[in-house]
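Morning, everyone. Please have the sequence and the model open while I talk.

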Amino acid sequence: MSESIVALIERPFDVVGLGVNALDLIAVIDGFPKPDAKHMIDEVEIQGGGMTATAMVACALLGLRARYVGKVGGDLWSQLALRLLRQDHVDIRGVIRVKDSPGHLSIVLTDRRSGQRALFARRPPAYEIAADEIDRTIIQSGRLLHIDGVDVSAALRAIECAREAGMTITMDGERIVPGVENVWPRVDLLVCNPRFLATTAGTTDPEAGLRALASRGPPRVAVTLADNGALGLVDGCFVHAPGFSVSPVVDTNGAGDVFHGACAIGELRGWPLDWTLTFANAVAAMKCRKLGGRAGIPTMTEVREFLVTNGHEALAAALA
């Protein structure tokens, strides 16, 4: 066994996530509100949120050793966000604290009828991570690096560190920010949403868009298609992973973040892309049965049972 492979196996974490964290205040409503009217709230939840932070929680709950890297303020919301990450067994020793900053807060309205959401967010300027704030040792403490690309200079620096250490790199293609076009071509697996695909590739056609993305560098690219599952492209071949139906659909908030966390399982196990996307579809669908971005994240045992029930026995067996 080569020294590089031994080094990867012996690292203290399976996955290191660099990117956005938040605290979500979630309210359940009957239909989205109209202006200048009062509306009753059926349920209220406070849960951790943020693309990368929630992806790391999904990794941890699915059995991976997960570490989160990002910035956190000093107010009550910030302290609670960190506490919730710790409770879900995500390592936060790499977090950069900005004591004089308020927290990253999201207010999420979830329509009980459809499960759809509207999100209002505040990400303070102090939460932006600079390249010189990236600690090489922390980034290289895992076997896989997951980024969201929101802080471009930090993401590029983290990618450099990960490449030096022979790590796999995955990216959540959701946010279109200046300079992100320099980030996503450098990753191993880019999974994006249709808006990111259309903006970046200049087409709404999924197959043409994925071909355009793949031509820029990532060896594996995919786009999530909501109820229609996900479409991927690897080695010039398209793979389609169907979506899963669950009942009831309570809340879609965080489903994409959880999907990305689940993709780390497939990448670390060396699965074919269709297996990775199918597994991630299952985990994301199961999450939607409960309110909030994290409360419904299933355990690995629950995912195995779900896959067997839905006719994916071979994939379920691979999780044993």
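One caution before we start. This is a predicted model.

Let's begin with the rings. How many aromatic pairs does the structure hold? Three. Take Trp 271 and Trp 275 to begin with. Their rings pair edge-to-face, 6.0 Å centre to centre, with 80° between the planes. Trp 271 also pairs with Phe 279. That pair is edge-to-face too, at 5.6 Å between centres and 80° between planes. Ring pairs therefore link Trp 271, Trp 275 and Phe 279 into a cluster, given that rings pair when their centres lie within 6.5 Å.

Are these three buried or exposed? Trp 271 has 12% relative accessibility, so it counts as buried. Trp 275 comes out at 29%, so it counts as partly exposed. Phe 279 is at 0%, and so is buried.

Keep Phe 279 in view, please. Helix α9 covers residues 273-287, and helix α10 covers residues 300-309. Their axes come within 10 Å and cross at roughly 110°. So α9 is roughly perpendicular to α10. Which residues make the contact? On α9, they are Phe 279, Ala 282, Val 283 and Met 286. On α10, they are Met 300, Glu 302, Val 303, Phe 306 and Leu 307. By class, that is eight nonpolar residues, no polar ones and one charged.

Now the cores. In soluble globular proteins, nonpolar side chains tend to be buried together. Here, the largest nonpolar core has 56 residues. Which members touch the most others? Met 56, Leu 62, Phe 259, Leu 277, Phe 279, Val 303 and Leu 307. The largest share of this core comes from α9, with nine residues. Look at Leu 277 for a moment. Leaving out residues up to four places away in sequence, it touches Ala 222, Ala 230, Leu 231, Gly 232, Val 239, Ala 241 and Phe 259.

Phe 196 sits in helix α6, residues 194-201. Its relative accessibility is 0%, so it is buried. Beyond four places in sequence, it touches Gly 173, Glu 174, Arg 175, Ile 176, Trp 184, Leu 190 and Ala 201. Asp 172 is 24 residues away along the chain, and the two C-alpha atoms are separated by 10.0 Å.

Next, Ile 134. Find the loop between β9 (117-122) and α4 (136-139); Ile 134 is there. At 11% relative accessible area, it is buried. Its contacts, again beyond four places in sequence, are Leu 18, Ile 129, Ile 139, Ala 154, Arg 157, Ala 158 and Cys 161. The C-alpha atoms of Ile 134 and Thr 252 are 32 Å apart, across 118 residues of chain.

Last one: Asn 253. Where does Asn 253 lie? In the loop between β15 (237-241) and α8 (255-269).

Methods
Residues are numbered from 1 along each chain as its sequence is written. This is a predicted model: local features need pLDDT of at least 70, side-chain atom pairs count only at pLDDT 80 or more; totals for chains, interfaces and linings use all residues. Side-chain values use heavy atoms; hydrogens and water are left out. Rings of Phe, Tyr and Trp (its six-membered ring) pair if their centres lie within 6.5 Å; planes under 30 degrees apart count as stacked, over 60 as edge-to-face and the rest as tilted. Buried means under 20% relative accessible area, exposed over 50%, partly exposed in between (1.4 Å probe, protein chains only). Helices (H or I, at least four residues) and strands (E, at least two) are DSSP runs, numbered from the N terminus. Contact means heavy atoms within 4.5 Å. Axes are lines fitted to C-alpha atoms, for helices over the stretch in contact, and angles run from 0 to 180 degrees between N-to-C directions. Angles under 35 degrees count as roughly parallel, over 145 as roughly antiparallel, 65 to 115 as roughly perpendicular and the rest as oblique. Ala, Val, Leu, Ile, Met, Phe, Trp, Tyr, Cys and Pro count as nonpolar, Asp, Glu, Lys and Arg as charged, and the others, Gly among them, as polar. A nonpolar core is a set of buried Ala, Val, Leu, Ile, Met, Phe, Trp, Tyr and Cys residues joined through side-chain atoms within 4.5 Å.
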